[in-house]
Amino acid sequence: MTTLPLAIRPALLLGIPNRITLIRTVIAMAVATYAFRTGDLTWLVVGYFSYWFGDSLDGWVARRRNEESLSGAVFDIVCDRACSFLLAAAFMATYPATIGPLAIYLVQFGVLDTMLTFSFLLWPWMLSPNYFYKVDRPIYLWNWSKPAKALNTAAVVISLVVAGRTGAQWLPYTVAIAALVVKIVSSYRVIMIICGRWAAVPEAGAHG
């Protein structure tokens, strides 16, 4: 009898981590829809909190239960975009002044970051981008280390709230453009590594 690798075991499609991903996505998108309809900042905050908390929880559970999988990683990436896009739409509908920086954010997160995140699939042994430090530590630090992941969405949202309170409209634009630059540089570095033009810099002692 052949035992399938953990990464592709079909049963993990219905595992607890994926169930958490599904539930947190439904909750976040339902709250975002309500926020879109009511224009209430409180519901936007609740929506973002449920998205961020759930996104951390499903990954933590997967690691604790040793149930990380390619299907789970891909599902998580897709659900993150679904939540982010609907929450951003609700934000823009409620506060039209946020359209500019959020448009930049959506290009960064919805296009560049999506392709960059899916690049982990080019290394068959890698279960998720969380292990990219085994390939290249700089790219991992810029994109999937804990500080980088926390800042990827939160920084733009927080800067929008700060701008709304203080009138510093330049702040969210600066944050959104900075994030865009990081994704462009990271994507270029991945391409150079894949093409063999640049040498990857894996973390010391890390092996694929």
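Me: What do buried, exposed and partly exposed mean here?

Reply: Buried means under 20% relative accessible area, exposed means over 50%, and partly exposed lies in between. The structure discussed here is a predicted model.

Me: Why does Val161 count as partly exposed?

Reply: Val161, which is found in helix H6, has a relative accessibility of 35%.

Me: What makes Gln108 buried?

Reply: Gln108 has its place in helix H4. Its relative accessible area is 0%, and buried means under 20%, so Gln108 is buried. Leaving aside neighbours within four places in sequence, Gln108 is in contact with Asp113, Asn152, Ala179, Leu180 and Lys183.

Me: Why does Asn66 count as exposed?

Reply: The relative accessibility of Asn66 is 54%. Exposed means over 50%, so Asn66 counts as exposed. Asn66 lies in the loop between H2 and H3. Its phi is near 55 degrees, a positive value in a residue other than glycine.

Me: How do you know that H2 is roughly antiparallel to H3?

Reply: The axes of helix H2 (residues 41-64) and helix H3 (residues 70-94) come within 10 Å and cross at roughly 170 degrees. Angles over 145 degrees count as roughly antiparallel, so H2 is roughly antiparallel to H3. By class, the contact of H2 with H3 has eight nonpolar, three polar and four charged residues. Among them, Leu44, Tyr48 and Asp58 belong to H2, and Cys83, Leu87 and Phe91 belong to H3.

Me: Why are H1 and H3 called roughly parallel?

Reply: H1 and H3 pack at an angle of about 10 degrees, with their axes 9 Å apart. Angles under 35 degrees count as roughly parallel, and H1 and H3 are therefore roughly parallel to each other. The residues of this contact divide into 15 nonpolar, seven polar and three charged.

Me: How is the protein chain divided into domains?

Reply: The chain is divided into domain 1 (12-94) and domain 2 (97-207). Their centres, taken over C-alpha atoms, are 18 Å apart. The contact takes 19 residues from domain 1 and 24 residues from domain 2.

Me: Which residues touch the most other members of the largest nonpolar core?

Reply: This core has 19 residues, of which Tyr48, Tyr51, Phe91, Leu102 and Tyr105 touch the most other members. Helix H1 (16-38), H2, H3, helix H4 (99-118) and helix H6 (146-166) each supply at least two residues. H3 gives the most to this core, with six residues.

Me: Why is this core said to lie between domain 1 and domain 2?

Reply: Domain 1 and domain 2 both give residues to this core, so it lies between them. Leu102, one of the residues that touch the most other members, touches Ala88, Phe91, Met92, Val156 and Leu160, not counting residues up to four places away in sequence. A second, separate core of 15 residues includes Ile77, Phe120, Ile139 and Val190.

Methods: Residues are numbered from 1 along each chain as its sequence is written. This is a predicted model: local features need pLDDT of at least 70, side-chain atom pairs count only at pLDDT 80 or more; totals for chains, interfaces and linings use all residues. Side-chain values use heavy atoms; hydrogens and water are left out. Axes are lines fitted to C-alpha atoms, for helices over the stretch in contact, and angles run from 0 to 180 degrees between N-to-C directions. Helices (H or I, at least four residues) and strands (E, at least two) are DSSP runs, numbered from the N terminus. Angles under 35 degrees count as roughly parallel, over 145 as roughly antiparallel, 65 to 115 as roughly perpendicular and the rest as oblique. Contact means heavy atoms within 4.5 Å. Ala, Val, Leu, Ile, Met, Phe, Trp, Tyr, Cys and Pro count as nonpolar, Asp, Glu, Lys and Arg as charged, and the others, Gly among them, as polar. A nonpolar core is a set of buried Ala, Val, Leu, Ile, Met, Phe, Trp, Tyr and Cys residues joined through side-chain atoms within 4.5 Å. Buried means under 20% relative accessible area, exposed over 50%, partly exposed in between (1.4 Å probe, protein chains only). Domain bounds come from an automatic or database domain assignment.
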